[in-house]
Amino acid sequence: MGKTAPTIAKPVSNDVRLRRLYRTMLTIRRTEEALVGLLAEGLIPGFIHLSIGQEAIAAGVMDVLTPADTITSTHRGHGHAIAKGIRLDKFFAELLAKDAGACRGRGGSMHVADIAQGMLGANGIVAAGIPIALGSALAHQTLERDAVAVAFFGDGAMAEGLLHECLNLAKLWNLPVLFVCEDNGWGEFLPTAQQIVFTLDRLAAAHGIPHVPIDGNDVASVAQAAGEIVANIRSGGGPAILDCHTMRVGGHYEGDPQRGRDPGDLAKAAARDPLTIAAKDLSNAAVAKIETEVTADIAAAIAFARLAGEPGWDDAVASVYAADAA
Ligand SMILES: Cc1ncc(C[n+]2csc(CCOP(=O)(O)OP(=O)(O)O)c2C)c(N)n1
Ligand SMILES: [Mg+2]
């Protein structure tokens, strides 16, 4: 494939790296907390699905990617977009359906994309981002780009044939693609253990694809494992699966009352907060500085989005219908 030595995205000391990872996670957390308020104000059309408690996966994986690498996401995709580098003002404007949004307000929460950053899209259809990542990986390989594609998916996507088909083709064609499962134990309102009869390690083995299980709430571990796996994929090693065990803190969607969820399960999730875990290895001063900076960045982005204009009617219609030839 004409690949050279693996590109290490951002080599720095562990402390600098952990601060960067913490900042990314905190940006995702504070952004989603702000979205809750904006939704309650009636400013966000449709549903939002929050990734609170799962931020370490987006932050850790994206930390080892380059701008040329591509990703696809899920309905729970805010964190992936942010960690891949979408501008916050364009992100909030998109969520508020404004013309200045990353997709000119047409995509919203479940379809936010930023192609220039290699973020090929969140996706409201379970598992539908996976074949898009596969196609992107095929393009990387065909055009001999030094790039990998990453498909994020939830454990609920294991029930979808698309995942099985993509694992097959990825291995058959030795594509530079990383499959990242965000296993939070839930698919909508039912534990996935009550929905799926097999496990991801066995599915991986059936396809001859390496499967790496990891604590998805420990950002340093995620970044370390992702770094090693992505380096191997970059050097032509073929597809791999990173299986991140995590916990969904909130409901399936914002506003879901979570009936039927054991309160003990929620307490367990709170005790495994990825921000708390990472903060243990940072100084209080470093944490406070990051908090101040992130808060200011988000406030500025929200102020921009509130003031941004709505898409014009004619322009919106022109994006849907062809011009009348008559
Ligand atoms: C093809 C398809 N089937 C069903 C749905 C309805 N649906 C939305 S989210 C979801 C569960 C997703 O679970 P998982 O993939 O584990 O992601 P999580 O919500 O846990 O992050 C389902 C079944 C859908 N959006 N698309
Ligand atoms: Mg799930």
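**Figure 1. The crossing of helices α4 and α11 is right-handed.** A crossing is called right-handed if the near helix is turned clockwise from the far one by less than a right angle, and left-handed if anticlockwise. The model is predicted, with local features needing pLDDT of at least 70 and side-chain atom pairs counting only at pLDDT 80 or more, whereas totals for chains, interfaces and linings use all residues. Residues are numbered from 1 along each chain as its sequence is written, while chains are lettered from A and ligands numbered from 1 in the order in which they are written. The axes of α4 (residues 88–95) and α11 come within 8 Å and cross at roughly 45°, the axes being lines fitted to C-alpha atoms, for helices over the stretch in contact, with angles from 0 to 180 degrees between N-to-C directions. The two helices, α4 and α11, are therefore oblique to each other (under 35 degrees counts as roughly parallel, over 145 as roughly antiparallel, 65 to 115 as roughly perpendicular and the rest as oblique). Leu88, Asp89, Phe91, Phe92 and Ala93 of α4 meet Asp297, Ile298, Ala301, Ile302, Phe304 and Ala305 of α11, contact requiring C-beta atoms, placed from the backbone, within 7 Å. By class, this contact of α4 with α11 has nine nonpolar, no polar and two charged residues (Ala, Val, Leu, Ile, Met, Phe, Trp, Tyr, Cys and Pro count as nonpolar, Asp, Glu, Lys and Arg as charged, and the others, Gly among them, as polar).

**Figure 2. Helices α1 and α11 cross with right-handed geometry.** The axes of α1 (residues 14–40) and α11 (residues 284–307) come within 9 Å and cross at roughly 45°. On the α1 side the contact includes Arg19, Tyr22, Arg23 and Leu26, and on the α11 side it includes Ala286, Ile290, Glu291 and Val294. The residues of the contact of α1 with α11 divide into eight nonpolar, three polar and four charged.

**Figure 3. The axes of α1 and α2 (residues 55–62) come within 9 Å and cross at roughly 135°.** That angle makes α1 oblique to α2, and the crossing of α1 and α2 is right-handed. Leu21, Thr24, Met25, Ile28 and Arg29 of α1 make the contact with Glu55, Ala56, Ala58, Ala59 and Gly60 of α2.

Figure 4. Of the 17 residues around ligand 1, Arg76, Val126, Gly154, Gly156 and Gly187 come nearest, a residue being near if its C-beta atom, placed from the backbone, lies within 6 Å. The shell around ligand 1 divides into four nonpolar, eight polar and five charged residues.

Key:
Helices (H or I, at least four residues) and strands (E, at least two) are DSSP runs, numbered from the N terminus. Two residues are in contact if their C-beta atoms, placed from the backbone, lie within 7 Å.
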